[in-house]
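Subject: A structure for you to look at

Hi there,

I am passing on the structure we talked about, together with some notes on what turned up in it. Have a look at it first, and then read on.

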Amino acid sequence: QVQLVESGGGLVQPGGSLRLSCAASGTIWGFYAWAWYRQAPGKQRELVAQWLGDGTTNYAESVKGRFAFSRDTTKNTVYLQMNNLESDDTADYYCYADLRAAHDNTRRAYWGQGTQVTVAS
């Protein structure tokens with residue numbers, strides 16, 4: 001079975017930085033896409049950053065220039081480096097992966113459990 005496990009959330013002051021990690025466990029044949037989403041209280045879940053299988057990386061306009069997505073293919077892990085954080089970045093952050101797992105040789109989407117990020121002074 002495949003699981004996505006996130007870490008790195010916490011409380012940070014405005015202007016500070018955090019790095020989120022998301023590790024995929026299990027045997028995986030390949031990844032088609034990775035993404036980070038977030039959901040603030042009372043709001044819909046929104047896409048923050050997305051990596052596609054063709055190598056394209058996309059960012060929400062609100063985080064461009066402040067957030068950076070990266071991958072460590074040797075560890076099946078992705079990261080979201082968040083700099084110059086603002087109060088509007090406060091949300092639960094979720095990792096998403098579109099992958100083909102070895103246990104059933106089926107392409108499907110997986111979600112992490114979420115990690116909380118709070119930006120406050």
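Predicted model: local features only at pLDDT ≥ 70, side-chain atom pairs only at ≥ 80, totals over all residues.

Let's begin with the inside. In soluble globular proteins, nonpolar side chains tend to be buried together. Here the largest nonpolar core has 32 residues, and the members that touch the most others are Trp34, Trp36, Leu80, Met82 and Tyr93. Which elements give two or more residues to this core? They are strand E3 (18-25), E4, strand E5 (46-52), strand E7 (67-72), strand E8 (77-82), E9 and strand E11 (115-119). E9 provides the largest share, with six residues.

While you are looking at strand E4, find alanine 35, which lies in it. Is alanine 35 buried or exposed? Its relative accessible area is 1%, so alanine 35 is buried.

Next come the aromatic rings. A pair of aromatic rings is described by the distance of the centres and the angle of the planes. The structure has four such pairs. In one of them, the ring centres of tyrosine 37 and tyrosine 96 are 6.1 Å apart and the planes meet at 70 degrees; an angle over 60 counts as edge-to-face, so this pair is edge-to-face. The pair joins distant parts of the chain, since tyrosine 37 belongs to strand E4 (residues 28-39) and tyrosine 96 to strand E9 (residues 91-101), 59 residues apart.

Together, Tyr37, Tyr96 and Trp111 make one aromatic cluster. As for accessibility, tyrosine 96 has a relative accessible area of 18% and is therefore buried, whereas tryptophan 111, at 39%, is partly exposed.

The charged end of arginine 45 sits over the ring of tyrosine 94, 3.8 Å from the ring's centre. Over the face of tryptophan 51 lies arginine 71, at 3.8 Å from the ring centre.

Now for the empty space. Rolling a probe the size of a water molecule over the atoms shows where empty space is left. The largest pocket holds about 180 Å³ of space. It is lined by 14 residues, and those nearest its centre are Arg38, Ala40, Lys43, Glu46 and Asp88. What kinds of residues make up the lining? Seven are charged, five are polar and two are nonpolar.

Most residues other than glycine have a negative phi, and most peptide bonds are trans. Asparagine 76, in the loop between E7 and E8, has a positive phi near 50 degrees. Asparagine 84, in the loop between E8 and E9, likewise has a positive phi, near 50 degrees. With a relative accessibility of 44%, asparagine 84 counts as partly exposed.

Enjoy exploring, and write back with any questions!

Best wishes

Methods. Residues numbered from 1 in each chain as written. Heavy atoms only, no water. 1 Å grid on protein atoms, 1.4 Å probe; cavity = no way out; pocket = protein on both sides within 12 Å on 5 of 7 lines; lining within 4 Å. Points joined across faces, edges and corners; volume = space filled by probe spheres on them. Nonpolar A, V, L, I, M, F, W, Y, C, P; charged D, E, K, R; others polar. Phe/Tyr/Trp six-rings, centres within 6.5 Å; stacked < 30°, edge-to-face > 60°. Helix = DSSP H or I, 4+ residues; strand = E, 2+ residues; numbered from the N terminus. Buried < 20%, exposed > 50% of the residue type's maximum accessible area, 1.4 Å probe, protein only. Lys NZ or Arg CZ within 6 Å of the ring centre and 35° of its normal. Core = buried A, V, L, I, M, F, W, Y, C linked by side-chain atoms within 4.5 Å.
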